[in-house]
Amino acid sequence: MSPSRVLVLNSGSSSVKYQLLDMGDSSRLAVGLVERIGEQSSRLKHTPLARGGESREWTAPIADHEAALKAVAEELARDGLGLDSPELAAIGHRVVHGGKTFTEPTVIDEAVLAEIERLIPVAPLHNPANLTGIRTARALRPDLPQVAVFDTAFHTTMPESAARYAIDVKTADEHRIRRYGFHGTSHAYVSRATAKLLGRAPEDVNVIVLHLGNGASASAVRGGVCVDTSMGLTPLEGLVMGTRSGDMDPAVIFHLMRVGKMSTDEIDTLLNKKSGLIGLCGDNDMREIRRRIDEGDEQALLAFDIYIHRLKKYIGAYYAVLGRLDAVAFTAGVGENASAVREAAVAGLEGLGLAVDGALNAVRGDEPRLISPGHARVAVAVVPTDEELEIATQTYALVGQ
């Protein structure tokens, strides 16, 4: 019997998230997180799921990603799930930016590593950490197939009319400036899961996917293929997010430089870390914002209204891009849990065939579900995302057989 397990690694600048899955039945065997790598108070939390074991958690200095992955390997080995297991088929790595080069999951070799490194200028916060995780995992298991699954890959199907910015073509090409999009593994998974919920093939369904977390993005998916998405060259463009501004007149940057005397780094920090909901009202947690609204906080209400206004604009725009719409799917932390966001985003769009049933919308659950009334022309759904399963599925499809 061929090996069927896939270890999924998501390496951040100071963290490693991981899941071990058995692709025979898509079950999770273990999940965990290492955070604050490089600090004295590094923390590892590991939960073995295969045998119903209890979570183990400890705090101790973890110097770097190599030490972190060795600690992960030790925790897995304690449950009989070690990296030396003959049942481990591959390791799948989340890589944020694949540019135009990587349009599908790719077995990692030196040439692939070099290209991911070449893309660092367009993903300076993410690709270096992804590379560190890959190199460390390859050193631990050099004999094992390792696969890069790119956040941008699902969006490489966008036509040039959607992917190109209206700037000088030579300048754009020289500096690789175009719309790449992100959260691609989530958009791919949710668009297919939405079609399944409707009892139809992905090729027959047009869906708008709204991935709403601290980072947020929208996509227009026609027949299983992405034709537009809200994030651009970087994850800053598009919807209002937890700490990011989303769409904005580019001249604001020039104004802040000339009149505000702000440096490039200061503006970068402002737009990526001090804008969005936290910039508007001081909170980026939608639960806290809703609590403040219930208490009559006008600043929180304004932040919520701006968030919804941008969201509604994208629903309308992508409806127009698709021409025919079968479903709108809400996913990720806010999309799956904030019923008030879902209700407000669809309110007033009855003329477009969109509506939410209040009772269905109030139900919480872990399974995909419809929240639109039976008579609605367009289905509105809540579809929990599963990026780790998507990465494992793509990895196993490439090398598992």
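**View 1. Gly-276 in helix α9.** Gly-276 belongs to helix α9, residues 276–281. Helices here are DSSP runs of H or I with at least four residues, strands are E runs of at least two, and both are numbered from the N terminus. The model is predicted: local features need pLDDT of at least 70, side-chain atom pairs count only at pLDDT 80 or more, and totals for chains, interfaces and linings use all residues. Residues are numbered from 1 along each chain as its sequence is written, and side-chain values use heavy atoms, with hydrogens and water left out. Gly-276 has a relative accessible area of 8%, so it counts as buried. Buried means under 20% relative accessible area, exposed over 50%, and partly exposed in between (1.4 Å probe, protein chains only). Beyond four places in sequence, Gly-276 touches Val-240, Met-241, Gly-242, Thr-243, Arg-244 and Ser-245. Contact means heavy atoms within 4.5 Å. Gly-215 is 61 residues away in sequence, at 9.9 Å from C-alpha to C-alpha.

**View 2. The open, mixed sheet.** Six strands line up as β11-β10-β9-β12-β14-β13. Two strands pair if DSSP finds at least two bridges between them. β11 (225–229) and β13 (369–370) are the edge strands; each has a single partner, so one side of each lacks a neighbour in the sheet. β13 pairs with β14 (residues 379–382) in the antiparallel sense, over 2 bridges. Arg-369 has Val-382 of β14 as its bridge partner.

**View 3. Helices on the sheet.** Helix α6 (residues 184–197) packs against β9 (206–212), β10 (216–222), β12 (327–331), β13 and β14. The directions of α6 and β9 make about 130 degrees. Helix α13 (residues 339–346) lies across β9, β12, β13 and β14, at about 150 degrees to β12. Axes are lines fitted to C-alpha atoms, for helices over the stretch in contact; angles run from 0 to 180 degrees between N-to-C directions.

**View 4. Thr-106 in strand β7.** Thr-106 lies in β7, residues 106–107. Its relative accessibility is 18%, so Thr-106 counts as buried. A polar atom of the Thr-106 side chain lies 2.9 Å from the backbone oxygen of Glu-104. Leaving aside neighbours within four places in sequence, Thr-106 contacts Val-112, Gln-146, Val-147, Ala-148, Phe-150 and Leu-398.

**View 5. Cys-226 and Cys-281.** Cys-226 is buried, at 0% relative accessible area. Cys-281 is also buried, at 11%. The structure holds 0 disulfides, a disulfide being a pair of cysteine sulfur atoms within 2.5 Å.

Conventions: A polar contact is a pair of N or O atoms within 3.5 Å; within protein, one must be able to donate a hydrogen and the other to accept it, and residues adjacent in sequence count only if both atoms are side-chain atoms.
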